[in-house]
Amino acid sequence: MTFTFPDGLSPEVYPLAWLVGRWRGEGVIEYPGIGKKSFVQDLVFDHDGGPYLRFESTLRVLEDAVPDELPGDGEWPAPVPDPTETGVSAAADAAEAPAAPDVAATGTVWSTETGYWRVSTDRPDGLEEDKQALEVLVADASGRITVYVGAAGNGRIDLASDAIARTSTASEVRASKRLYGLVQGRLLWVEELAAFGEPLRSYASAELDRQ
């Protein structure tokens, strides 16, 4: 399939164009003091024509038993049909079929993040020629703002926290790393945290499908 840049996307963020869109999938959180929890994530990357991408993520913890591993191919929740695209006949079929449970509505919001992703004009020493430097600002509703720096290239993004600020009531997080990758059309990510007195270690991971 030929890739087409989203309409109106600023050329400055062409290296991140493959992120633009709505993504949804499941993942697992596991960390000392938290335990193991499965979640559904809704993730959106969009733009307004400026030299950045806007980012919004919501994780909802599920009440069902936590799987030992992420679901395999064909086991992810089916995307909800868009009536504006499927037409009247599809809407009629949906009306006759029993309503499917809203997975997102059955979960409890665990975290919500918003932020901005930019391709930096600075190139750190040693950065590979086929990669672009990134600056990412993420605000967490729990009272924390994190500035990440990293690199993007070949369908992979590596980020590491450069500065973290928090309110007096937010949990202390000393460091964070994130890895995003596009694998066979899916967006995969993993995150490491240094928090609650623990060293930097695995915190969460997920596999998302484009909606």
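**View 1. Aromatic pairs in the predicted model.** Nine aromatic pairs are counted, where rings of Phe, Tyr and Trp (its six-membered ring) pair if their centres lie within 6.5 Å, and planes under 30 degrees apart count as stacked, over 60 as edge-to-face and the rest as tilted. The model is predicted: local features need pLDDT of at least 70, side-chain atom pairs count only at pLDDT 80 or more, and totals for chains, interfaces and linings use all residues. Residues are numbered from 1 along each chain as its sequence is written, and side-chain values use heavy atoms, with hydrogens and water left out.

**View 2. Tyrosine 31 and tyrosine 203.** The ring centres of tyrosine 31 and tyrosine 203 are 5.9 Å apart and the planes stand at 75°, so this pair is edge-to-face. Tyrosine 31 lies in strand β1 (residues 21-31) and tyrosine 203 in strand β10 (residues 201-210), so the pair links distant parts of the chain, 172 residues apart. Strands (E, at least two residues) are DSSP runs, numbered from the N terminus. Tyrosine 31 and tyrosine 203 are both buried, meaning under 20% relative accessible area (1.4 Å probe, protein chains only).

**View 3. Phenylalanine 45 and tryptophan 117.** This aromatic pair is edge-to-face, with 5.1 Å from centre to centre and 85° between the planes. Phenylalanine 45 sits in strand β2 (residues 35-46) and tryptophan 117 in strand β4 (residues 108-119), 72 residues apart. Both phenylalanine 45 and tryptophan 117 are buried. Ring pairs join Phe45 and Trp117 with Phe55 and Tyr180 in a cluster.

View 4. Residues 21-27 are 100% strand and 0% helix (H or I, at least four residues), and their end C-alpha atoms are 19 Å apart.

Note on methods. Buried means under 20% relative accessible area, exposed over 50%, partly exposed in between (1.4 Å probe, protein chains only).
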